[in-house]
Amino acid sequence: MLKLLAQNMTEDIKIMSMVKQIRFAIDNKNIISYFQPIINNQTQKVEKYESLVRLINEKNEILLPESFLGISKRSNNYCDITKQVLENSFFVLSENDDISISINLSMSDIENEEIRNTINNFLDANSTFGKRIILELLEDEKINDFKVISRFIYSIKKRDVRIAIDDFGSGYSNFERI
């Protein structure tokens, strides 16, 4: 029993440490995006870039999403991370006229009014950028409000934003639901 209690305490300390690292990264704009080129196999040219989130902690180490995203959701920091990824991606779009960027969004991102407003405000300020944005919908969680998701997709499609499904078939998706 004592050993189990010690393991739980150790796990809690690790989680608290990660929450601290997440807050540090958010507060210091150390949520960064790596822009991975996606190459067309036939033309061998870059078709788009995928915005991949990374966290730089206090030790200047680069952390992969699997080490912090789950904890960020449980600690209510996830929205701030998504907003920084969007800002990173929008900045790169504004600095480069000839590229397209794919940005992953979860269902909870789309259901979050702050995230929807961030995307809409960017598109309002940069009306020609819609055709250079691909929003990849993640299948990692269930949809809580189909109406919100549907209205959002409809509204951004009118602005030429493309929609893709990330890793179709690996999560909650099926053709019936789509």
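Reader: Is Asp124 buried or exposed?
Author: Asp124 is exposed, at a relative accessible area of 51%. The cut-offs are under 20% for buried, over 50% for exposed and partly exposed in between, using a 1.4 Å probe and protein chains only.

Reader: What should I know about the numbers before we go on?
Author: This is a predicted model, so local features need pLDDT of at least 70 and side-chain atom pairs count only at pLDDT 80 or more, while totals for chains, interfaces and linings use all residues. Residues are numbered from 1 along each chain as its sequence is written, and side-chain values use heavy atoms, with hydrogens and water left out.

Reader: OK. Which residue does Asp124 form a salt bridge with?
Author: Arg159, with the closest N and O atoms 2.0 Å apart. Asp124 sits in helix H5 and Arg159 in the loop between helix H6 (146–157) and strand E6 (162–165), so the bridge ties together parts that are 35 residues apart in sequence. Arg159 is partly exposed, at 26%. A salt bridge here is a side-chain nitrogen of Lys or Arg within 4 Å of a carboxyl oxygen of Asp or Glu. Helices (H or I, at least four residues) and strands (E, at least two) are DSSP runs, numbered from the N terminus.

Reader: How many salt bridges does that rule give?
Author: Seven.

Reader: Which residues are linked in a network of them?
Author: Arg23, Asp27, Asp80, Lys83 and Glu114. Take Asp80 and Arg23, whose side chains meet at 3.2 Å, N to O. Asp80 is in helix H3 (residues 78–95) and Arg23 in helix H1 (residues 2–27), 57 residues apart in the chain. Asp80 is partly exposed at 24%, and Arg23 is partly exposed at 29%.

Reader: And what about Lys83 and Glu114, how far apart are the closest N and O atoms?
Author: 2.5 Å, in another salt bridge. Lys83 lies in H3 and Glu114 in H5 (residues 113–125), so that pair ties together parts that are 31 residues apart in sequence. Lys83 counts as buried, with 19% relative accessibility, whereas Glu114 is partly exposed at 42%.

Reader: Switching to strands. How many of the residues of E5 are buried?
Author: Five of the five, so the strand (residues 133–137) is largely enclosed by the rest of the structure.

Reader: Which way do they point?
Author: Ile133, Leu135 and Leu137 go one way, and Ile134 and Glu136 go the other. In a regular strand the side chains alternate between the two faces of the sheet.

Reader: Which strands does E5 pair with?
Author: E5 pairs in the parallel sense with E4 (residues 101–105) over five bridges, and in the parallel sense with E6 over four. Pairing needs at least two DSSP bridges between the strands.

Reader: Now H6. Which of its residues are buried?
Author: Val148, Ile149, Phe152 and Ile156. Down the axis of H6 they fall within an arc of 100°, so they line one face of the helix. The arc is taken from the directions from the helix axis to the C-beta atoms. Their cover includes H4, H5, E5 and E6. Lys147, Arg151 and Tyr154 are exposed on the other side.

Reader: Last one, Ile22. Where is it, and what does it touch?
Author: Ile22 is in H1 and counts as buried at 0% relative accessibility. Beyond neighbours within four places in sequence, Ile22 is in contact with Leu55, Phe68, Ile71, Ser72, Asn77 and Ile81. Ile22 and Tyr78 are 56 residues apart in sequence, yet 9.3 Å apart in space, C-alpha to C-alpha.

How values were computed
Contact = heavy atoms within 4.5 Å.
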